[in-house]
Amino acid sequence: MSVKKITVPGFCELAARGQKLTMLTAYDYLWAGLMDQAGIDSILVGDSLSMVVQGHSTTLPVTLDEMIYHGKMVVRAVHRALVLVDMPFMSYQVSPLQAVENAGRIIKETGADAVKLEGGRIQSETILAISRADIPVMAHVGMRPQAVRQLGGMGKVQRDEQRLLDDAKAAEDAGAFAILLELIPQQLAQKITESVSIPTIGIGAGPHCSGQVLVGPDMLGLTADFRPKFLKQYAELRSIATQAVQQYVSEVQKGHFPDASHSHS
Ligand code: KIV
């Protein structure tokens, strides 16, 4: 059965028609394929892979080559969803020229539909340069995990209304096709959403955004000990997988597996 691929204009049209947009992060073929078949609208190869997959304590260490490596796996699995790849720390902050070259590498080498980068007003020249190269770009404003050193930690709700409204407007004016809003009070996220004509995708930003994103392994209950207020866990896969591995270990040790029904004669 052939499915209709969601393009960047198609993604924006869904929002314009009032449909809430859905997005999850995924980092490999297995999970991206499952999410795509389950009907997700968009998949973000987030730089959260630095923490979730690679085990670092921040998103700073993941490299551009590693993002591209994971982006390729995700694109290979996806038939319908829009695929975005995060531009990792220091792959765009140096100059708009550096950003265009690296966004170009992401699109050429992975086949993804769009890139995402952190920043609004401060990255407006860069957003303009990338979109002028015909590469769709999503801006990420509010709590910016790549600014962890400046912010003194992740997870702080961002409340500077004028600055956030200005960041969103600057991103839109520079050509961003959508804006991710992270950790912003719900009333302010609503105000931002009403102040721009491009879709907003919230995480920890309440119900009034054009859409919602969560980190896939967090909402599936695969990650350990991460329960921020904004996270809803839709499954407890970590405990189910742990029990399965424990049962396998026990059955192999006791000689119960493999049995005759799982053996060739
Ligand atoms: O990398 C990531 O997972 C993100 C989240 C905010 C969705 O950017």
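Reply: Rings of Phe, Tyr and Trp (its six-membered ring) pair if their centres lie within 6.5 Å, and planes under 30 degrees apart count as stacked, over 60 as edge-to-face and the rest as tilted. This is a predicted model, in which local features need pLDDT of at least 70 and side-chain atom pairs count only at pLDDT 80 or more, while totals for chains, interfaces and linings use all residues. Residues are numbered from 1 along each chain as its sequence is written, and side-chain values use heavy atoms, with hydrogens and water left out.

Me: How many aromatic pairs does a search of the whole structure find?

Reply: The search finds two. In one of them, Phe11 and Phe177 are edge-to-face, because their ring centres are 6.2 Å apart and their planes stand at 70 degrees. This pair links distant parts of the chain, 166 residues apart, with Phe11 in helix H1 (residues 8-16) and Phe177 in the loop between helix H8 (161-174) and strand E6 (178-182); helices (H or I, at least four residues) and strands (E, at least two) are DSSP runs, numbered from the N terminus.

Me: Is Phe11 buried or exposed?

Reply: Buried means under 20% relative accessible area, exposed over 50%, and partly exposed in between (1.4 Å probe, protein chains only). Phe11 counts as buried at 0%, and Phe177 is buried at 8%.

Me: What is the arrangement of Tyr248 and Phe257?

Reply: Their ring centres are 6.3 Å apart with planes at 55 degrees, so the pair is tilted. Tyr248 is exposed at 52%, whereas Phe257 is partly exposed at 30%.
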